[in-house]
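Visitor: I am new to this structure and would like a close look at a single part of the surface. Please then connect that part to the rest of the chain.

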Amino acid sequence: MIVTGLSYASKTDGESRIPKIYTKTGDKGFSSTYTGERRPKEDRVFEALGTTDELSSAIGLAREFCIDKGHSFTDQLDKIQCVLQDVGSNIATPQSSARESHIKKTKFSSQPVADLERWIDEFTEKLPPLTSFILPSGGKSSAALHIARTVCRRAERSVSPIVRSGEADPDVAKYLNRLSDYLFTVARYTAMKEGNEETIYKRPE
């Protein structure tokens, strides 16, 4: 996410200044967008930013499980986490208050959407057809990816009204939509590669 403020302090004159993690600028329940607007922390922009950050953390956890199992696609998860930083930058730049310089720095490309679609197609070709509803399962890696998928759906829901109002790039919403599909697909692929059985939904009798 974009850091909107850092506090600096020096022990003595001449020493290098050390950035502090806390700024105290949000103590009264307000925070700043990249454009400099002060908004309540419960504003939908910050809700979307928080959920996107949560999504990146969930993917980071899933990535660690996948690394432990030696999966070859973890570089894709790295790239996705980087793209989510760009998603956050775009969300943090409301178009109604953005200058041209803001828009230029935080414009979101459609290329990441195309990348996800290509990866989904590649994994799908390697998977057996889906004939039943599956439950989040298939081992720790797969289950963690399913958790990330559900957080992604929530992130998409939080971003959708911002995009509809014209305050964020439409490709941001498209990216989150494709990302949830990617996470579902790669979760299934992970279970298959690890030789773990996925739990099939059965209607309770």
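Guide:
**A nonpolar patch and the core**

Phe133, Leu135 and Tyr201 form a nonpolar patch on the surface, with about 340 Å² of accessible area together. A patch is made of residues with over 30% relative accessible area and no salt bridge; nonpolar side chains (Val, Leu, Ile, Met, Phe, Trp, Tyr) are joined within 5 Å, and like charges within 9 Å. A salt bridge is a side-chain nitrogen of Lys or Arg within 4 Å of a carboxyl oxygen of Asp or Glu. Accessible areas come from the Shrake-Rupley method with a 1.4 Å probe, and for residues only the protein chains shown count as cover.

This is a predicted model, in which local features need pLDDT of at least 70 and side-chain atom pairs count only at pLDDT 80 or more, while totals for chains, interfaces and linings use all residues. Residues are numbered from 1 along each chain as its sequence is written, and side-chain values use heavy atoms, with hydrogens and water left out.

Helices (H or I, at least four residues) and strands (E, at least two) are DSSP runs, numbered from the N terminus. Phe133 counts as exposed because its relative accessible area is 66%; exposed means over 50%, buried under 20%, and partly exposed in between (1.4 Å probe, protein chains only).

Gln76, in helix H2 (residues 74–91), is buried, at 10% relative accessibility. Its side chain makes a polar contact of 2.7 Å with the side chain of Tyr182. Such a contact is a pair of N or O atoms within 3.5 Å; within protein, one must be able to donate a hydrogen and the other to accept it, and residues adjacent in sequence count only if both atoms are side-chain atoms. Leaving aside residues up to four places away in sequence, Gln76 touches Trp119, Phe123 and Tyr182. Contact means heavy atoms within 4.5 Å.

Tyr182 also belongs to the largest nonpolar core, of 44 residues, where Leu55, Ile80, Tyr175, Leu179 and Tyr182 touch the most other members. The elements giving two or more residues to this core are helix H1 (44–68), H2, H4, helix H5 (140–164) and helix H6 (170–194). H6 supplies the largest share, ten residues. A nonpolar core is a set of buried Ala, Val, Leu, Ile, Met, Phe, Trp, Tyr and Cys residues joined through side-chain atoms within 4.5 Å.

Over the protein chain, 42% of the 205 residues count as buried.
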